[in-house]
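The sequence and structure are shown first, and the account follows.

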Amino acid sequence: METIQNAINYVSETIQGTSAEASKEVNKEIAKDSNQSLGTRAEAAVDAAGDKVDQTKHEAKAEAHKEGAEGGFHPIDAISHAVSYVQESIAGSSAEASKEVNKEIVKDSNQSISSRVGAAIDVVGDKINEGKHDAKAEAHKEAAKHDIGA
């Protein structure tokens with residue numbers, strides 16, 4: 001029964017990931033459209049970053065459900081997923097720390113405008129990386145559980 005549920009969840013997460021990817025592409029086009037106001041373009045850029053995080057999260061969950069649908073006890077795979085979980089968790093934490101540092105630079109009126117704009121752009125990239133690594137970490141955690149039959 002768990003195998004069937006994993007297969008259903010795999011399809012659901014794949015559809016949600018594809019939907020987030022489509023939304024991301026639409027928002028990217030709006031962000032590039034010089035006929036839109038600066039505020040609309042900035043909002044679309046932030047929305048595109050959020051869509052990318054959602055896309056990565058759903059793709060990672062789909063992969064974990066796919067592996068769960070395949071079933072079985074795989075201790076070597078479980079260890080590999082556990083190591084990858086730790087690596088991705090660390091990478092996610094690093095991206096979060098970088099994001100916080102860049103947010104402080106953005107707020108610092110003693111910094112040049114170009115430094116503050118660059119830091120603002122880096123905040124978006126850091127947020128994407130944080131979400132990507134967190135989603136991958138969660139997928140590895142779930143895959144490890146499935147590998148040991150938990």
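K24 is buried, with a relative accessible area of 11%; buried means under 20% relative accessible area, exposed over 50% and partly exposed in between, with a 1.4 Å probe and protein chains only. A salt bridge is here a side-chain nitrogen of Lys or Arg within 4 Å of a carboxyl oxygen of Asp or Glu.

The model is predicted, so local features need pLDDT of at least 70 and side-chain atom pairs count only at pLDDT 80 or more, while totals for chains, interfaces and linings use all residues. Residues are numbered from 1 along each chain as its sequence is written, and side-chain values use heavy atoms, leaving out hydrogens and water.

By the salt-bridge rule the count comes to eight. Three of these pairs are listed below.

| Salt bridge | N to O distance |
|---|---|
| E100 and K103 | 3.6 Å |
| K145 and E142 | 3.5 Å |

K145 and E142 both belong to helix 4 (residues 113-147), where they stand three residues apart, about one turn of the helix. Helices are DSSP runs (H or I, at least four residues), numbered from the N terminus. K145 is partly exposed at 35% relative accessible area, and E142 is partly exposed at 25%. Elsewhere, salt bridges with shared partners join K99, E100, K103 and E130 into one network. Within it, E100 and K103 both lie in helix 3, again three residues apart, about one turn of the helix. E100 has a relative accessible area of 35% and K103 one of 33%.

E13, in helix 1 (residues 2-32), is buried yet has no salt bridge. The nearest side chain of opposite charge is K61, 4.5 Å away; Lys and Arg count as positive and Asp and Glu as negative, with His and the chain ends not counted. Apart from neighbours within four places in sequence, E13 is in contact (heavy atoms within 4.5 Å) with H58, K61, A62 and H65.

On the surface, Y85, V86 and I90 form a nonpolar patch with about 260 Å² of accessible area together. Patch residues have over 30% relative accessible area and no salt bridge; like charges are joined within 9 Å, and nonpolar side chains (Val, Leu, Ile, Met, Phe, Trp, Tyr) within 5 Å. Accessible areas come from the Shrake-Rupley method with a 1.4 Å probe; for residues, only the protein chains shown count as cover. Y85 is found in helix 3 (residues 75-107) and counts as partly exposed, at 31% relative accessibility.

Terms used: Helix = DSSP H or I, 4+ residues; strand = E, 2+ residues; numbered from the N terminus.
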